[in-house]
Amino acid sequence: MRLQIIMEAEKIPKHYHFLAGSVVKAGLFSVNPELKESLYSFEEHQANKAMRPFTGAIYLNGYTLEGDEFIIHQDIRMTISSSDINFMITLYNGLLEHQQMQYKSYTLHIKHVKFLSEKLPTKSQALFKTNSTIVIKDKNNQYLNIDDPDYEKELNYAANECLKSVAGRTLHQPLVFTSVMMHKKVVQLKHDKFKNLNEKGILYLNGFEGSFVLGGHPEDLALLTQTGIGFRRSQMLGCIEMVNE
């Protein structure tokens, strides 16, 4: 399932990934606080590092970058995608109730929420495009380039972990990744928990955007189309869309 959230705001921070996460949290909390807590908290208010059942992307429809802020001229369009029907219905209903939200000093007005049609693979190979950056890393937390010999192996690892979380199983068969037209994109995540990394408190992630062919079992490809691929999917990364088969 795929959900589009159209919002208005005067401005948002340049590093907006955690703002997007706050929109999801607010929507869930409005109608099902228990679901929100199960996804984001352990006991004693510790952060939950378990994989979350969604991915997403943000599109700014008319903006100017001024310093560390985007000045929004039209609207903000956020897409959330998941294979978890209960999660998506809960989020949809919560966002209908939660028409205004606050993230730090920024106010967002939710103007429209709707489900989008989606194309899911039915064959063993399909052409995809990225809606948000795909990030792949190895066991040493090194972010991999598209031509790294371990790229496909680590992509399979991430996909297996994702399917364990959302479907209770691993891939039916290994994925085969072929770059068609991919380019490098450095993603910057800013959060208080990154203050020890550098003076700016920014985590830099090397990722890739563009088009690619993904081969594998059709059921796996369909689930990954909905849940995304790679790491940090719930922070608006790894959202993909099928172009054709």
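## Stop 1: a residue in a loop

Start by selecting Ile134, which sits in the loop between E7 and helix H4 (151-167). Those labels are DSSP runs numbered from the N terminus: helices are H or I with at least four residues, strands are E with at least two. Before going on, note that this is a predicted model, where local features need pLDDT of at least 70 and side-chain atom pairs count only at pLDDT 80 or more, while totals for chains, interfaces and linings use all residues. Residues are numbered from 1 along each chain as its sequence is written, and side-chain values use heavy atoms, with hydrogens and water left out.

Is Ile134 buried or exposed? Ile134 is buried, with a relative accessible area of 1%. (Buried means under 20% relative accessible area, exposed over 50%, and partly exposed in between, using a 1.4 Å probe and protein chains only.)

Now show what surrounds Ile134. Leaving aside neighbours within four places in sequence, Ile134 is in contact with Tyr151, Met182, Gly207, Phe208, Phe212, Ile229, Gly238 and Ile240. Contact here means heavy atoms within 4.5 Å.

## Stop 2: the four-stranded sheet

Next, select E7, E8, E9 and E10. They form an open sheet in the order E8-E9-E7-E10, with antiparallel pairing. E8 and strand E10 (240-244) stand at the edges with a single partner strand each, so one side of each has no neighbour in the sheet. On average, neighbouring strands are turned by 35 degrees against each other, direction ignored. Two strands count as paired if DSSP finds at least two bridges between them.

Zoom in on strand E9 (residues 202-215), where 12 of the 14 residues are buried. On one pairing, 14 bridges join E9 to strand E8 (residues 176-190); click Lys184 and you'll find its bridge partner, Phe208, in E9. Phe208 is also one of the contacts of Ile134. On another pairing, five bridges join E9 to strand E7 (residues 125-130). There, Ala126 is partnered with Leu214 of E9, and Gln125 with Gly215.

## Stop 3

(Angles under 35 degrees count as roughly parallel, over 145 as roughly antiparallel, 65 to 115 as roughly perpendicular, and the rest as oblique.)

Which residues of H4 and H5 meet? Ala159, Cys162, Leu163, Val166 and Ala167 in H4 meet Asp220, Leu223, Leu224 and Thr227 in H5. H5 is mostly covered, with eight of its 10 residues buried.

## Stop 4

Move to helix H1 (residues 17-31) and helix H2 (residues 33-40), which pack at about 140 degrees with their axes 6 Å apart. That makes H1 oblique to H2. Their contact is made by Gly21, Val24, Lys25, Leu28, Phe29 and Val31 of H1 and Pro33, Leu35, Lys36, Leu39 and Tyr40 of H2.

Select Phe87 next. Not counting residues up to four places away in sequence, Phe87 touches Val24, Leu28, Leu35, Leu39, Pro53, Phe54, Ile80 and Ser82.

Phe87 also belongs to the largest nonpolar core, which has 41 residues; Ile12, Ile76, Met78, Ile80, Phe87 and Leu108 touch the most other members. H1 gives the most to this core, with six residues. A second, separate core of 23 residues includes Ala159, Phe177, Phe212 and Leu214. (A nonpolar core is a set of buried Ala, Val, Leu, Ile, Met, Phe, Trp, Tyr and Cys residues joined through side-chain atoms within 4.5 Å.)

## Last stop: E1, E5 and E6

Finish with strand E6 (residues 106-116), which is joined to strand E1 (residues 2-8) by seven antiparallel bridges. Ile5 has Val113 of E6 as its bridge partner. Strand E5 (residues 100-103) also pairs with E6 in the antiparallel sense, over four bridges. Two residues lie between the strands in the hairpin of E5 and E6, where Lys104 takes a positive phi near 55 degrees.

Key: Axes fitted to C-alpha atoms, helices over the stretch in contact; angles between N-to-C directions.
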